[in-house]
Amino acid sequence: MRRSLKDYLSISAKGLAMGAADVVPGVSGGTIAFISGIYEELIETINQLDINFFKVWKKEGFLSAWRTYNLSFLSFLFSGIVISILSLSKVIKWLLHNEPLLLWAFFFGLVLASILYIGKQITVWKPKVFLGIIIFAIISYFVTIAEPIASPENNWYLIFCGFIAIIAMILPGVSGSFILLILGAYETFIGILNQLREGLLQMDLAMLWQAISKILIIGIGAITGLKLFSKVLNWMFKNHKNTTLAILTGFMIGSLNKLWPWKKVLSWRTNSEGIRVPFIEKSILPNQFDGDPRIIWVLLFIAIGFLLILILERLAMKKEN
């Protein structure tokens, strides 16, 4: 497919929007790709990319291999994603430390609306659909109250998180960063991105290498997950769409506990920066919250998050029509 520079700049702009979505738990980069009309090309390009790239390179030259595997599309798209993620990571980190109530309220509203968005796509309500929602809502809830199986900064755990999160990121309606929240690794990932950005800005090679080494570890899990499950997930959506949507809906219902704004910290841990951060938390009522519960502001930000997903849904419907 021949494209002009304007076309590729447009693809980068869509990447910027996808990156912004991927940083925010509750909004999926896959949803943005779907709305902007590049989802099918993205999935097809990812599925096509394999070791044969090097065979074509050796036989026909690098430029021929680059064109054959549509890598101009991927490079412009992912450059936009990376720029957006690095730009927003510092803002998210600041909000996590300074305005956690409002940030979690916004995320709660996003996911609440996403549940309705995904649930509305179920076309046939058979008993197995209801059963799927109930079972996975229960499983998801118990995941949110379980003690993390490892430190979010353990290398093997980072590989596992990258493996799981990338699977979610390629599905419309499922947020990879939301999965990271459930796994307790979201703040760690944001910290790594901030470390990378600061290392680049300050030209601090030690800081830069520390961030890059962590990203490479996460990348091992992400690439493995992408290659193993992209075809499987695509097949599930095409052949068992209602059941798949029911599982996703149940998972997100149970996971609302993780995003509930008012929490009581049961135990703490020290992160890689030497900062004491919550390790295990329990959802509580606003009147039990230690401090100002800011109920009006929390409800306002829940509404803002909820309305944002409704707006995205309207855009998706207009695109389809």
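Predicted model: local features only at pLDDT ≥ 70, side-chain atom pairs only at ≥ 80, totals over all residues.
Residues are numbered from 1 along each chain as its sequence is written, and side-chain values use heavy atoms, with hydrogens and water left out. Local features require pLDDT of at least 70 and side-chain atom pairs count only at pLDDT 80 or more, whereas totals for chains, interfaces and linings use all residues.

A search of the whole structure gives 16 aromatic pairs (rings of Phe, Tyr and Trp, the latter by its six-membered ring, with centres within 6.5 Å; planes under 30 degrees apart are stacked, over 60 edge-to-face, the rest tilted). Phe53 and Phe54 make up an edge-to-face pair, at 5.4 Å centre to centre and 80° between the planes. Phe53 is buried, with a relative accessible area of 9%, while Phe54 is partly exposed at 46% (buried, under 20% relative accessible area; exposed, over 50%; partly exposed, in between; 1.4 Å probe, protein chains only).

Phe53 also pairs with Tyr69: the ring centres are 5.7 Å apart and the planes lie at 75°, so this pair is edge-to-face. It links distant parts of the chain, 16 residues apart, with Phe53 in helix 4 (residues 52-60) and Tyr69 in the loop between helix 5 (62-68) and helix 6 (71-98) (helices are DSSP runs of H or I, at least four residues, numbered from the N terminus). Both Phe53 and Tyr69 are buried. Ring pairs join Phe53, Phe54, Trp57, Phe62, Trp66 and Tyr69 into a cluster.

Key:
Helix = DSSP H or I, 4+ residues; strand = E, 2+ residues; numbered from the N terminus.
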